[in-house]
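This report looks at the overall make-up of one protein chain and then at a few of its local features. Please keep the sequence and the structure in view while reading.

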Amino acid sequence: MWLPCRCTTKYVAASIRRGVSASSLHALRRGRSSWNSAAFMPESAGFEGVSGRDALHDYSVSHSENFWAAVARQRLNWIRPFEAVQDCDLSQGRIKWFEGGKLNVSVNCLDRHVHTCPERVALIWERDERGSEVRYTYRELLEITCRLGNLLRRHGVKKGDCVTIYMPTCPLAVASMLACARIGAAHNVVFAGFSSEALAERIRDAQSSTVITVNQGVRGGKITELKRTVDAAVQSCPTVRQVFVAMRTEKRVEVTDRDFALEEEMLKEDVVCEPAAMDSEDVLFLLYTSGSTGKPKGLVHTQAGYLLYAALTHRYVFGYHDGDVFGCVADIGWITGHSYTVYGPLANGGTTVLFESTPVYPDPGRYWDMVERLRINQFYGAPTAIRLLIRYGDQWVKKYDRSSLTTLGSVGEPINTEAWEWYNRVVGEGRCPVVDTWWQTETGGICIAPKPSEPDAEIVPGMAMRPFFGIKPALMDTEGKLLTSNNESGALCMAQPWPGMARTIHNNHQRFLETYFQPYPGYFFTGDGAYRSQEGYYQITGRLDDVINVSGHRIGTAEIEDVVVIRSDEAHLSDFILIISVTQFAKRLPKTRSGKIMRRVLRKVVDCDLDSLGDLSTLDDPAAVQEIIEGHEKLLSK
Ligand code: WTA
């Protein structure tokens, strides 16, 4: 059951913040755990004999059904209770959770909080223009979601349809996602930096008849013509019947017969919209991500399991409590934006920041100015941005008051030790735990992270460390055999299903099975490599498709990049130089807009196979590829 604000959760939060109590100190002295599981996690009160973080984790994997049933009953509002906790078989790639249950995701994210605390702030829209933030209460967000839901319904959008959302991170984008959830349609958010070709490919694959966009985007002081990009994309998308256009700027844009002015149409709608009763396993959204072949995969997430997992991880990995302000700076076009800007925080009745700008606009103090102004408690960002900001110097951070911060998160790629330490020491003043969170679009939410852990448990820089509740990692050797000891590296798999995992690839279940379930039968294969330390902690070593094997040592690209790219001036280089016979220097590497190096392209250039570079639409700046090609040609001609 959801606890109303300002009552029990607040009490639990307060008791945890007070730190180690007298009785837990006593327990510590006797060598027992300092953790009262039920106080930390009220859902675990009925788990017999469970005391301490490790015991709770053991219980969550050994009594997985009990664990997830208790959490699902208490954390979500159900229209009809579920009959079966799970029906999963990883060897078949079958994943079903909470069947028989009915619920509505938008009710879980909005209505139930409106009943208890309607005036609580749900969204703080940190607009590109510094200092012009706008707040939306839960009541207001429910109202605009309902208007939008009614509008979509009136325009024929129904259960089973998929609406493509091509918008920057803004309240109407969040309301569009929730409006789809309210009426039972799926959404397909496409990152608003993608080209018209990339957008068209995703609209066609999702077979959308409806697109929601804005006239223009504003980011880093620059205007982007998003409506124009949609116009170009729909030329090759015969399924599109209607495009709703919101106004981010004053600029009027060209309209066609299929266009509708979103805000004007919304005004005609009622503020009450009957929520659809959805089955747990109905589709909530598709989200496209690049695969190794270059054709994007539309990963499918469903209603109950996804929402539950996003909410639980948000609450416990970041230590989010009622009244906190959560600042995830990821764009809603990525899974991080879905799970930790929108669904996790809203399911928990939280206040979430929608960041529209860039880390260096108008200057490199932007993040920390925002932290001071909005009193952000948890800040969640990417190592690429951290590394960029290090170069501008500490003064940009120290200028601002960061005393509100309690937890710092990192996601998307390995965080090298130097960046981790700067984040911890300079940004967090050594007070805030840094959580290096490992997960993927496929996993729906965080799977490995240093927290939750006991208050005094160690956090090792640059390590994701501890599997979350219900997560059972496994490492495999090159022959596909399970590695059972510590101090070993292998292919990172998951030995048990969990509610947040993707259910299929839209229109291509076969590819889903081949990619994730056939490489190691009975396991979910992540595609990443990992090292399990002597203490049993996990460290991600990078994508396995890029692993280099030297005299029996598996060396991941992450380790090499950490040394070669980041610390080329340090002595560590000698450890790795044995594997590098020819070096091509480049000013920059081809990176996606989310900061990942497109290694597939580098490999093709090295192989002189320029005809099969594949899909380059997700690149931040395609000119980087041209530079690498030219550099390589020069190298060869030497
Ligand atoms: C990488 C992002 C190391 C990894 C949430 C994974 C990481 C891919 C980390 C998924 C981390 C993500 N340490 N590597 N903490 N987090 N990755 O789907 O290779 O955009 O498979 O999801 O990013 O990227 P995706």
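## Terms and basis

A residue counts as buried when its relative accessible area is under 20%, as exposed when it is over 50%, and as partly exposed in between, with a 1.4 Å probe and protein chains only. Helices (H or I, at least four residues) and strands (E, at least two) are DSSP runs, numbered from the N terminus.

The model is a predicted one, in which local features need pLDDT of at least 70 and side-chain atom pairs count only at pLDDT 80 or more, while totals for chains, interfaces and linings use all residues. Residues are numbered from 1 along each chain as its sequence is written, and side-chain values use heavy atoms, with hydrogens and water left out.

## The chain as a whole

The protein chain contains 22 helices and 28 strands, and 59% of its 638 residues count as buried. Where contacts (heavy atoms within 4.5 Å) link residues at least 6 apart in sequence, 70% of them join residues at least 24 apart.

Two strands are taken to pair if DSSP finds at least two bridges between them. Strand S8 (residues 210–214) runs parallel to S11 and is joined to it by five bridges, with Val-214 opposite Ala-246 of S11. S11 also pairs in the parallel sense with strand S12 (residues 259–261), over three bridges, and here Phe-244 stands opposite Phe-260 of S12.

## An antiparallel sheet

Five strands form an open sheet in the order S22-S21-S23-S25-S26, with antiparallel pairing. Strands S22 (482–483) and S26 (538–543) stand at its edges with a single partner strand each, so one side of each is left without a neighbour in the sheet. Strand S25 (residues 524–532) pairs with S26 in the antiparallel sense over five bridges, and Asp-528 has Arg-543 in S26 as its bridge partner.

## Helices H4 and H5

The axes of helix H4 (residues 53–62) and helix H5 (residues 64–75), which are lines fitted to C-alpha atoms over the stretch in contact, with angles running from 0 to 180 degrees between N-to-C directions, come within 5 Å and cross at roughly 105°. H4 and H5 are therefore roughly perpendicular to each other, a description that covers angles of 65 to 115 degrees. The contact involves Leu-56, Tyr-59, Ser-60, Val-61 and Ser-62 of H4 together with Ser-64, Asn-66 and Phe-67 of H5.

Definitions and conventions. Parallel < 35°, antiparallel > 145°, perpendicular 65-115°, else oblique.
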